[in-house]
Amino acid sequence: STTPRIGDILQKLAPFLKMYGEYVKNFDNAMELVKTWTERSPQFKFIIEDIQKEKVCGNLTLQHHMLEPVQRIPRYEMLLKDYLRKLPQDSLDWKDAEKSLEIISTAASHSNSAIRKMENLKKLLEIYEMLGEEEDIVNPSNELIKEGQILKLAARNTSAQERYLFL
């Protein structure tokens with residue numbers, strides 16, 4: 001009550017939020033694995049259901065608990081923005097809270113970027129498989145810009161041939 005501040009604390013902890021990017025990148029795969037093993041293994045399903053019944057789980061599913069970290073950074077960002085709107089600008093916590101928001105916004109961008117990169121890589125791997133696993137097509141520096149149908153016009157007789165293009 002003597003120094004009501006949170007900006008300085010968040011500023012020290014915010015850089016660790018970038019680690020959530022790795023969690024977010026693997027989230028869809030983890031959810032799919034839980035679904036697969038719940039369907040495949042009655043023992044796994046029983047154990048998960050048994051754990052979910054415990055009071056500490058608050059009647060929530062494993063999938064719900066797995067979603068919490070994905071929502072955490074955007075929630076922190078939203079709460080800090082609201083805090084800054086309500087905080088007087090001459091408050092001792094203003095600068096630290098503002099700096100914390102900047103760091104947390106960067107972490108949110110990092111998570112979103114990680115999601116986009118993972119989705120792009122997944123799509124490139126699908127294309128790689130469709131094209132018969134041509135060599136040198138999948139490279140970490142490659143990026144799918146656009147895909148879709150086009151018409152190829154023949155130079156000689158101006159006939160049009162449909163093609164599917166990956167850019």
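Is Arg5 buried, partly exposed or exposed? In this predicted model, in which local features need pLDDT of at least 70, side-chain atom pairs count only at pLDDT 80 or more, and totals for chains, interfaces and linings use all residues, Arg5 is partly exposed, with a relative accessible area of 27%. Residues are numbered from 1 along each chain as its sequence is written, and side-chain values use heavy atoms, with hydrogens and water left out. Buried denotes under 20% relative accessible area, exposed over 50%, and partly exposed the range in between (1.4 Å probe, protein chains only).

The protein chain contains five helices and two strands, arranged along the sequence as α-α-α-α-α-β-β; helices (H or I, at least four residues) and strands (E, at least two) are DSSP runs, numbered from the N terminus. The radius of gyration of the protein chain is 24 Å, whereas a compact globule of 167 residues would have a value near 15 Å, the radius being taken over C-alpha atoms and the globule rule being 2.2 Å times the number of residues to the power 0.38. The C-alpha trace spans about 85 × 50 × 25 Å along its principal axes, and 21% of the 167 residues count as buried.

Seven salt bridges are counted, each defined as a side-chain nitrogen of Lys or Arg within 4 Å of a carboxyl oxygen of Asp or Glu. In one of them, Arg5 pairs with Asp93, with the closest N and O atoms 3.6 Å apart. Because Arg5 lies in the segment before helix 1 and Asp93 in the loop between helix 4 (62–86) and helix 5 (94–130), the pair ties together parts that are 88 residues apart in sequence. Asp93 is buried, with a relative accessible area of 0%, and a network of salt bridges links Arg5, Asp93 and Asp96. Within helix 5, Glu102 and Lys99 are three residues apart, and therefore separated by about one helical turn; their side chains form a salt bridge at 3.6 Å, N to O.

On the surface, Asp28, Glu32, Glu39 and Glu119 gather in a patch of negative charge. Such patches are made of residues with over 30% relative accessible area and no salt bridge, like charges being joined within 9 Å; Asp and Glu count as negative, and the place of the charge is taken as CG of Asp or CD of Glu. Helix 2 (residues 20–40) gives the most to the negative patch, with three residues. Asp28, which is located in helix 2, is partly exposed at 47% relative accessibility.

Terms used
Patch = residues over 30% accessible without salt bridge, like charges linked within 9 Å, V, L, I, M, F, W, Y side chains within 5 Å. Areas by Shrake-Rupley, 256 points an atom, 1.4 Å probe, with all protein chains shown as cover.
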